[in-house]
Amino acid sequence: MSRRPAETTCSFCGRPAEEAGPLVTGPGVRICEQCVGRCRGLLAGRRDEGEEEQRTHALKVPAPHTIKERLDRDVVGHERAKRILSVAVHNHYKRVKQELTGGAPNPEYADVAIEKSNVLLIGPTGTGKTLMAHTLAAMLDVPFAITDATTLTEAGYVGEDVENILLTLIQNADGDIGWAERGIIYVDEIDKIGRKTENVSITRDVSGEGVQQALLKILEGTRARVAPQGGRKHPQQQYMEIDTSHILFICGGAFVGLDGIVNRRIGKRTLGFLDAEAPWAAGALNGAGLPVEPEDLVGYGLIPELIGRLPVVTCLSDLTEADLVRILTEPRNSMVKQYRKLLDMEGIGLSFTGAALRALARQAKGRGMGARGLRAILEDLMLDVMFEAPGLGKRGTIRITKQMVEKPILGREAVARAVKIA
């Protein structure tokens with residue numbers, strides 16, 4: 001029995017043209033009217049699913065004081081910075097929600113466009129810049145991505161293209177581009193891409209000024225094309241488009257030496273010696289932070305166009321010993337609470353004396369690494385306790401004293417002696 005010629009059958013259901021009716025033909029493929037209808041229904045169903053999923057991601061716009069209260073639970077100190085950040089985030093998402101829903105509450109302002117306000121955080125390492133950004137994203141229930149500016153290079157050079165920072169955000173949004181467009185991106189080490197010199201060079205600064213130029217459009221708001229697999233290695237792949245107009249960019253950096261630039265500027269204006277009692281003298285920061293002006297950032301190496309796209313600038317003060325003690329105990333996920341929970345699983349309690357906490361803070365302050373140094377010291381202190389406690393087979397409480405901090409516990413016998421039977 002001879003087979004019917006392939007060109008007279010539907011490529012999808014296999015029915016002959018005499019039964020299925022006219023076939024729509026394309027390069028190597030044919031489809032009947034009934035299969036076209038099925039495809040239309042399938043696509044419509046997927047659109048409905050997408051709309052339903054979009055509705056589950058309702059945008060939250062908490063009041064500034066609510067945002068600050070949430071930051072207070074996880075971040076110690078930086079009162080002024082948290083207030084500035086709370087207002088900036090509230091205004092940003094209020095703008096986004098208004099643009100998504102359309103219309104203005106008052107027709108008088110219907111033609112007024114609210115500009116995007118990205119944020120620049122300046123502060124020493126270990127002061128909580130990344131933690132603040134992460135806490136905001138968790139509170140708002142929006143996708144969050146962290147990228148390191150030092151890995152970025154100008155397009156065409158070895159390294160990551162600037163557009164790749166959007167890929168992580170899309171992946172963290174489970175591929176939902178609409179949801180990713182409401183997310184937060186934290187760009188760390190932004191100070192490391194400053195121009196190496198203020199003089200024009202004949203060589204290209206592909207990891208400095210070139211990256212700053214490439215960041216401009218993304219920060220301001222544009223429809224960026226992102227390669228699903230990270231770009232330049234797969235030039236044939238289709239690109240995803242994402243609108244960055246509603247993405248909040250928070251850039252952070254230590255800006256080591258910026259206080260010296262500020263001091264020189266202030267010294268020129270006063271035409272005299274700096275006041276040693278000034279809160280910014282010798283690099284010290286007060287509650288309001290370093291009085292940074294745009295010209296100081298230009299002197300540091302940021303181009304004016306980039307500074308203009310980061311209008312909200314706030315400085316984080318260096319952490320004091322008192323702040324470090326609070327970091328150990330007060331936040332919801334404080335380091336002491338984490339160790340207490342781990343030892344509680346073994347039936348052992350944990351307590352620290354006030355003198356022990358102050359000794360830990362003093363050592364961390366001496367290392368100059370903020371909360372990161374605090375964690376490293378505590379990890380070293382608790383190493384033998386965490387190693388030996390599960391095998392002790394006894395229940396009780398271990399009390400960490402100042403002497404233990406200055407001379408860490410070593411060995412099984414020392415840990416066993418430190419555990420007091422309740």
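This text walks through a predicted model of one protein chain, from its overall make-up to single residues.

Start with the whole chain. It has 17 helices and 12 strands. Of its 422 residues, 43% count as buried. The chain exposes about 23,100 Å², and carbon and sulfur atoms supply 53% of that area. Among contacts with a separation of 6 or more, 69% are between residues 24 or more positions apart.

Now find the sheet. Five strands form an open sheet in the order β4-β5-β8-β3-β9, and the pairing is parallel. Its edges are β4 (144-148) and β9 (312-315), each of which pairs on one side only. From one strand to the next, the twist averages 20 degrees. Strands of a sheet pair through backbone hydrogen bonds, either parallel or antiparallel. Look at one such pair here. Strand β4 runs parallel to β5 (residues 184-188), and five bridges join the two.

Helix α4 (residues 79-101) touches β3 (119-122), β5, β8 (248-253) and β9. The direction of α4 makes about 160 degrees with that of β9. Helix α6 (residues 164-172) also packs on the sheet, touching β4, β5 and β8. The direction of α6 makes about 155 degrees with that of β4.

Stay on α4 for a moment and look at S86, which lies in this helix. S86 counts as buried because its relative accessibility is 1%, below the 20% cut-off. Where does a polar atom of the S86 side chain find a backbone oxygen? The backbone oxygen of K82 lies 2.6 Å from it. An α-helix has 3.6 residues a turn, so residues three or four places apart point the same way. Leaving aside neighbours within four places in sequence, S86 is in contact with P64, I67, K68 and L71.

Helix α3 spans residues 64-74, and D74 is found in it. Is D74 buried or exposed? D74 is buried, because its relative accessible area is 12%, under the 20% limit. The side chains of D74 and R70 are joined by a polar contact of 2.6 Å. Beyond residues up to four places away in sequence, D74 touches L131, T135, P331 and R332.

The largest nonpolar core has 43 residues. Which of them touch the most other members? They are L166, I190, L215, F249, L258 and L297. A second, separate core of 34 residues includes I327, V336, I348 and A356.

L215 touches V162, I165, I190, I193 and L306, not counting residues up to four places away in sequence. L297 sits in helix α10 (residues 294-300). L297 is buried because its relative accessible area is 1%. With neighbours within four places set aside, L297 is in contact with L120, I122, F255, L258, V292, L302 and I307. L297 and V262 are 35 residues apart in sequence, and their C-alpha atoms are 9.3 Å apart in space.

The buried residues of α12 are D323, L324, V325, I327 and L328. What covers them includes α13 (335-344), α14 (354-367) and α15 (370-388).

Finish with two backbone details. Most residues other than glycine have a negative phi, and most peptide bonds are trans. E189 has a phi near 55 degrees, a positive value in a residue other than glycine. E189 is found in the loop between β5 and α8 (209-220). E189 counts as partly exposed because its relative accessibility is 25%, between the limits of 20% and 50%. F255 has a positive phi of about 50 degrees, although it is not a glycine. F255 is found in the loop between β8 and α9 (258-270). F255 is buried because its relative accessible area is 3%.

Conventions:
Residues numbered from 1 in each chain as written. Predicted model: local features only at pLDDT ≥ 70, side-chain atom pairs only at ≥ 80, totals over all residues. Heavy atoms only, no water. Helix = DSSP H or I, 4+ residues; strand = E, 2+ residues; numbered from the N terminus. Buried < 20%, exposed > 50% of the residue type's maximum accessible area, 1.4 Å probe, protein only. Polar contact = N/O pair within 3.5 Å; in protein donor to acceptor, adjacent residues only side chain to side chain. Contact = heavy atoms within 4.5 Å. Core = buried A, V, L, I, M, F, W, Y, C linked by side-chain atoms within 4.5 Å. Areas by Shrake-Rupley, 256 points an atom, 1.4 Å probe, with all protein chains shown as cover. Pairing = 2+ DSSP bridges. Axes fitted to C-alpha atoms, helices over the stretch in contact; angles between N-to-C directions.
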